[in-house]
Amino acid sequence: MHIIVPIKQVPQSSAVKMDPVTGTMIRSGSAATLNPLDLYALETALCLSERSAGSVTALTMGPPSAAQILKEALSMGASRAILLTDRLFGGSDTYATSYALSKAIEHIGSFDLIITGERATDGDTAQVGPGIAAWLDVALVTYVSAINTIVDRTMEVERLTEEGYQAVRLTLPALISVVKEIAIPRLPTLRGKKRAMNTPIEEWDARTIGADIGKIGLKGSPTRVVKIESPKVARTAEVHIASDEDSMKGAVDRLIDIIEEVYHG
Amino acid sequence: MTPYTPITAAIIEELITICSASNVLTERDRIEGYSHDETSKEQYSVMPDVVVTPTSTEQVAQIMRLADRHTIPVTPRGAGSGLSGGAIPLFGGIVISLEKMNRIIEIDEANLTVTAEAGIVTNELNEHLKDTGLFFAGYPMSLESCFLGGNIAENAGGGKAIKYGVTSRYVLGMTVVTPQGQIVHLGGKVTKDVSSYDLKQLYIGSEGTLGIICEATIKLIGIPKVASTLLVPFQSAQQAIAVVPLLMKQGIIPVSIEFMDRLSFEISCSYLNETLPLSGVGAMLLLEVDGSDAAQVEADLVAVGELCEEMGAMEVYIAEDANNRERIWAVRRAIAEAIKVYSPVQSLEDVVVPITSIPQVLPFLKELSDRYGLQIPCYGHAGDGNLHATIIKDPEWTMEKWLEIEPKILRDLYAFIVGKLGGKISGEHGIGLKRREFVKELTPDAEYELLKTLKRAFDPKNIMNPGKILI
């Protein structure tokens, strides 16, 4: 079984700073890490491939520094790592990104399953995985919490929904996005790291994957960010220190006033 | 009968005059929190008569002058995260909590120093410094709660001491209020100073018995750009510990070599709901390497990992990114808290031995555990020879039985550590209330008399955190 896991480099959550003027994330200079939710996709893929003597290919699109997260995927046990990097990809939205990744997957060739994380912790859109499935025209199941059976080309999975769980049967090849519940990610090992040090990371650009230049980068991205606003905290707080009888009465009266105001508008 | 004057309404009035009514607490439910620290509350807890939260060094000095005039015992308090009962007001009286003195006074990037008040949370200090690329490398495990002043008063160690040393390495200067209420400034921004007796070093680790540290000037160093963590399971604790002296000879100075026996690791994992592979594991080492050159750190990581493999490691897990590193460190940091939840009555020990003697400590702990029929999970800073063996009260035992047996176990343990191995009874948690009897027993008379003479010279009325360290 050949499984492809698209992963993403994200800013470390503790290091994220917002630009107060544009309201966007300042990515440059902040420490980067593998999207924590992608670890569950990698773990799921590694478990499946261990069971079926298969292989796992990790794929990412990003600047050259994104090689770091591919090394981590290799240390965990992935057998192949591909970095899609080209200035032409810069500024891609989820539409252009999923297009580029789908072209890279076509270039990889045959696969049985694509597994993605639920979403990336920076953009939070959860659109790229489904986008890839659409471009490749394969079955898609999101929010998978368990893989129950795989018999021949048929897979039965459980999907987490707001109401509970949904049992879904799908035919491979397919793309699934997984939630945290599905597995506990392993830690990378020294053995894995040494293997990773000896495994070259394949670098591909737009030409390698035969991407239509009009569909990638800022030009290929239909999304336009018109305005970004941070919600203002409208509520105000009053603090009444009630250390003796007198001040306690005042504070309680004020509290009653506030409750009445809220009730009667 | 104590030699101390009881707190009267008139004294409360004077305290209010000094630091205003909102900084003087007397209501029982508000001062209860100041009656204990992180030692077992069931065993060590004394209510203060009044808690004051001054907002300046001058106010602290005025309170001390008042206490000196009336002979009132004063107990200084940081975050209350101490592990030896140092902040417990044994004779009641006044607790001075430094919690409102948490300002940064000056960041001097050119001289690589920061001057701050004693009540700042150590972690917040480093958060403030982050943008300068500098940090205070004193690193107690309770970094999210403990105060700078407490770090200094206890000379806190922690998980990075092998490479970065303990708190005392970084204290360049301090402002102290003496038991008589005088404000003295010791040291400064200089890195060398033999201009007199080194009073500053004397105050470091004095546990509030010689005066109150109100401000400190701390030496800063550059934040290492890269750090990697290893988690290494071994089949036996002996195997794991045997790696430590060998590692130290490698020429690589790791930031941390932390030891966790199976029981501590298991309790912490279950507390955190963490699942790390445990099958057949007898003990774990947590190691960290850091530096400014990624390639060098990677080479160190591989070298340390390979040595562990040669020494029989079952696996070498590595964490090179922040998320995985935090996942591993969380387990180590949560042990004390997790054991506390597991059994609130316990004796968290802090013995320290020369590093080559570490392998001898564990079989002895096993022997003690068998002899008394109690569990003794053990973890700690193996690279410093500093182990936190934690003697846990059997839930079936009555408190009376525990109180009878606990000193016996400790006496056996300390006799072995000090007598046989040339170790000490506390590496970083201090003596406080918890170990003072043992200090008296284990310190030669001439030395103990010197300690008492010193204390008398500083505090003739014995009002400054009385009853701590010495009896």
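The centres of domain 1 and domain 2 of chain B, taken over C-alpha atoms, are separated by 28 Å. In chain B, domain 1 covers 101-222 and domain 2 covers 226-420, with bounds that come from an automatic or database domain assignment. The contact takes eight residues from domain 1 of chain B and eleven from domain 2 of chain B; two residues are in contact if their C-beta atoms, placed from the backbone, lie within 7 Å. This is a predicted model, in which local features need pLDDT of at least 70 and side-chain atom pairs count only at pLDDT 80 or more, while totals for chains, interfaces and linings use all residues. Residues are numbered from 1 along each chain as its sequence is written, and chains are lettered from A and ligands numbered from 1 in the order in which they are written.

Turning to the two chains, 14 residues of chain A are in contact with 15 residues of chain B. On the chain A side, strand E5 (32-34), helix H2 (67-76) and helix H5 (190-197) each give two or more residues; helices (H or I, at least four residues) and strands (E, at least two) are DSSP runs, numbered from the N terminus.

How do H2(A) and H5(A) cross, and at roughly what angle? Their axes come within 7 Å and cross at roughly 125 degrees, the axes being lines fitted to C-alpha atoms, for helices over the stretch in contact, with angles from 0 to 180 degrees between N-to-C directions. Lys71(A), Leu74(A), Ser75(A) and Met76(A) of H2(A) meet Gly192(A), Lys193(A), Arg195(A) and Ala196(A) of H5(A).
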